[in-house]
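Colleague: I would like to learn how to read a helix and a sheet in a model. Please walk me through one.

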Amino acid sequence: MANAGDEDAKRSHAISPMAAKPGLTDIGALAPTMLSSLPARFINWSRSGVGPRLLAAVLLFSSAVTLTLTALQLYLDYNREVGLIETRLDEIGRSTTGSLGDSLWNLDQNQLKLQLEGILRLPDIRAAEVREIADRPNPIRIAVGEPGTRSIVTRDYPLNTIVQGTARPIGVLHVEATLSQVYQQLLNRALVILASQAAKTFLVSLFIIYMVHLLVTRHLVAIAEFVSKYNLARPPPPLRLERRAPSDADELDKVIEAFNAMCANLQQAYGELREANANLERDLTIRRRAEAEARASEERFRDYAETASDWFWETGPDHRFTYLSDRVIAFGMDPKVRLGTRRTDTALDRDTEPEKWRAHLATLDRHEPFRKFEYRGRDTRGRMHHFSVNGKPVFDADGRFLGYRGSATDLTAQHEIEERLRQSQKMDAIGQLTGGVAHDFNNVLTVITGTIEIIQEGLADKPDLAAIAQLIDDAAARGAEITSQLLTFARRQPLEPREIDINALVAETAKLLKPMLGEQIEIEARLADEAWSAMVDPSQLSSAIVNLAVNARDAMPGGGKLTLETANRELDGTETAGEGVRGAFVMVAVGDTGHGIPADIRERVFEPFFTTKGVGRGTGLGLSMVYGFARQSGGAVAIESEEGRGTVMRLFLPRAKGEAVARTAPVQAPATPRGQETILVVEDDPLVQGYVIAQLGGLGYRTLAASDGASALALVDQGARFDLLFTDIIMPGGMNGHELAEAVRLRRPGVRVLYTSGYTDNTIVHEGHLDPGVALLFKPYRKAELSQKIREVLAGEPPA
């Protein structure tokens, strides 16, 4: 019997905590209820910028950690409190079952009740009950307290008596303990913990976001606003950050210095452009005055050569031709075809210049003489000509109008020469302006790209700020690309020509074009079997073919066919749109089946920044780069296009004289080698000089610095030891980089020299090619390129 009672006690001990678990779940559900409105607020707030998103992330992470630790603490407290109650119940079972058994055996109900009320007065005891086990009607059952159904722990203890030395069960003691007080204490404790942790987390998060805003984000916003509102016509003052200046310049200071330097250079270029426009306007005024004087002089001789011109004509009262002199045949027109037609029937500019034609027709209707009426028309074969017409009305003796009699002059050749001269002058002017700006602009880009690399390394663990730095890096790379294209057009980009197998290069480029152009473009290669090798820069030629292919793709929005062709050509100066090149050339043609180029803009396609694409779809430098590359390489470019039929662009590249053909090798990713040598850095731009010295120091080199040639020579004369002269080409003070290198070599024969520049004049580049044995690092450059080039020069053979 005792064993049975013990098993009942153990069973109640195992079941009671399980019955209490729902109460703990109810307490855990309070936290999500209290925080139910926070996620929505965080989501709305986090969309406003970097700071709110950082604050939201800190709050959410801290809240999750706090909730987890609080739940663990409450669970441990719960187990401790429940353990105390179970210990109290065990004590009741050990201390009261004997006396209760005696009272029950004696049927003393008053004593039983007194004993049960004593048990009820114990802490957390909710109810107690004694039940008699007897085979008779109405066994004894005494209960005190209020039994419950939830959040309780119960125990049943057997009541025994000793009869003739044997324990005999006579009843059961049932005791219930409540957990309500335990739950209330746990709830109060949870509220206190959550409130204190929430306040601490919120205050710490606010401090973090305030510091991020104070040190970084507000300055990034200021930079963005400055750039977005910058106006070249009315430049604002230099950008200054509203903060206490640090003891040493940090990354933000370097970015601000680079931006202000770039703005200053842009403003200077803008002023030079305005001055160039003013000079051009003055030249046009002088030209117009000269033209007016020429017209006046020409009028004085009108009576002596009234209708002297290329051919004569007559019309009837309806202005239809009734006579054309035979000389008209020499200008591509058949008199038999033109008789009976009007001048307006073959005019090409009647729709584009309606005011001019309305005035001319009004003159004809008034029967007034006219002189030098110029218009564009077609000959019998459909070719365009520029005509200049003089005419006088003819009347009979009675004053009746009979028509007009006059002369015409073909001005096509003159217009073509003037247009070529104008285009050449415009191209040269743009080229000179481009070269002048490129040096300073590339200096700024060098500092920006290098500084951004440093910033990106420091922001590796801050993805939001790293993304902003990447945007600046991409913009700087785009600026470098545009500058390179402008220099190529201006024929100022140094080339490294060598003998190239044209067929192999075109075939390799065609493979690259397939994923670039898309599946809707079919690519066909027609390569000459015995194509000559060409003397060109292979990388520039590949870029030119890619630019032509991209333009062809844009001309075929619905798909089409791209043809790459090579051939050998002997030119006599007539195939290249007036370029006048002669000799042996290798032709590379890129043709498409697109919509073609309208005739009225065909002569402008090679102008820089001229594009027919929409805004944001191109810079207008692709064909300009192709034109500059072909001319600088000693070749030419020709265009053939027909609206609705397609376009063919032909590059004529000089034939190589030798037999050794260079093969293109796969490009290896540049490494970042280090060194311990000493380098003399000569750079006049303080920003670039500081950047170079910092980068070289990071690569392990020792450096000496000078801002011009005279300072560098002074260091040499003082006995300064160095392994490499790293000098800019264009510098103030009357001595350029090449002259400095020659002066240093007189003092130190065999010294190694590495030149750098953002714009090359004729100092080390002649006819577009680097001088033999010259090492040049073109600005802007990155740290890996600087390191690689220095190791190449230091590892190479010393100059003679």
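Colleague: Which exposed residues does the face of H9 turned away from its buried side carry?

Modeller: Glu-355 and Asp-365. Exposed means over 50% relative accessible area, buried under 20%, and partly exposed in between (1.4 Å probe, protein chains only). Helices (H or I, at least four residues) and strands (E, at least two) are DSSP runs, numbered from the N terminus. This is a predicted model: local features need pLDDT of at least 70, side-chain atom pairs count only at pLDDT 80 or more, and totals for chains, interfaces and linings use all residues. Residues are numbered from 1 along each chain as its sequence is written, and side-chain values use heavy atoms, leaving out hydrogens and water.

Colleague: Which residues of H9 are buried?

Modeller: An α-helix has 3.6 residues a turn, so residues three or four places apart point the same way. In H9 the buried ones are Trp-357, His-360, Thr-363 and Leu-364. Down the axis of H9 they fall within an arc of 120° (directions from the axis to the C-beta atoms), so they line one face. Their cover includes strands S7 (370-378) and S9 (401-410); contact means heavy atoms within 4.5 Å.

Colleague: What is the strand order in the open sheet?

Modeller: Strands of a sheet pair through backbone hydrogen bonds, either parallel or antiparallel. Here the order of the five strands is S11-S13-S14-S16-S15, with mixed pairing; two strands pair if DSSP finds at least two bridges between them. S11 (521-526) and S15 (636-642) stand at the edges with a single partner strand each, so one side of each lacks a neighbour in the sheet.

Colleague: How many bridges join S15 and S16?

Modeller: Seven, in the antiparallel sense. Ala-636 has Phe-652 in S16 as its bridge partner.
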